[in-house]
Amino acid sequence: MFDRLLLALDDSPAGEVATLFATALARRTNASVHVLHVNERLVGGNGVTLRTRLESTELVSAAVRQLAEAGVRAAGSVCVSTYRGVPQRIVATALDRSADAIVLGSTRHRRLARVFSPQVRERTTRLTALPVLTAPSPLKVTSPPRAAEWTDDLGQTLDSLLK
């Protein structure tokens, strides 16, 4: 089905889920993965980026290491772009790497300077004929208001997981 995947990554919890999703998909299809991080240039920052070069490189290296430990062939790269140029950089890299699909993370709410914002996902999808796969949203586990009143085993188990 897929031989080469492009994983566009940011440092949000959605990026962690997208990495796990890409790992599982690559293992199932025996695909290789190219990890890409687009470091955003801050508006009016005179060339200043959201993350340092070292932070960006470490983010990609950690994802490549995680994929390799799972037995997936992986490589990675970092590039710089403005927020509005992120989708074009993702699509251009996917084409340069002959990717069969693009994997992005999912978040419900847009945050400034996040690859996984709805606008970036939507614009990336519009710019390419490749499948754009959106990993599931990260789960948010919260404690119910009356958790302290639970006395059954399920309640105790949930309480231990939430600590």
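Predicted model: local features only at pLDDT ≥ 70, side-chain atom pairs only at ≥ 80, totals over all residues.

Reader: How many helices and strands does the protein chain have?

Author: Helices (H or I, at least four residues) and strands (E, at least two) are DSSP runs, numbered from the N terminus. Here there are five helices and five strands, and from the N terminus on they follow the order β-α-β-α-β-α-β-α-β-α.

Reader: What share of the residues is buried?

Author: Buried means under 20% relative accessible area, exposed over 50%, and partly exposed in between (1.4 Å probe, protein chains only). Of the 163 residues in the protein chain, 42% are buried.

Reader: Which residues of helix α3 are buried?

Author: Helix α3 spans residues 86–96, and its buried residues are Val86, Pro87, Ile90, Val91, Thr93 and Ala94. They lie on the same side of α3 because they cover an arc of only 160° around the axis; the arc is that of the directions from the helix axis to the C-beta atoms. The face turned away from that buried side carries the exposed residues Leu95 and Asp96. Just after α3, Ser98 has a positive phi of about 55°.

Reader: Is Asn39 buried or exposed?

Author: Asn39, in strand β2 (residues 32–40), counts as buried because its relative accessibility is 3%.

Reader: What does the side chain of Asn39 reach?

Author: A polar contact is a pair of N or O atoms within 3.5 Å; within protein, one must be able to donate a hydrogen and the other to accept it, and residues adjacent in sequence count only if both atoms are side-chain atoms. The Asn39 side chain reaches the backbone oxygen of Arg51 at 2.6 Å. For contact in general, the rule is heavy atoms within 4.5 Å. Leaving aside neighbours within four places in sequence, the contacts of Asn39 include Thr49, Ser56 and Cys79.

Reader: Where is Leu42 found?

Author: Leu42 sits in the loop between β2 and α2 (53–69), and it counts as partly exposed because its relative accessibility is 38%.

Key
Residues numbered from 1 in each chain as written. Heavy atoms only, no water.
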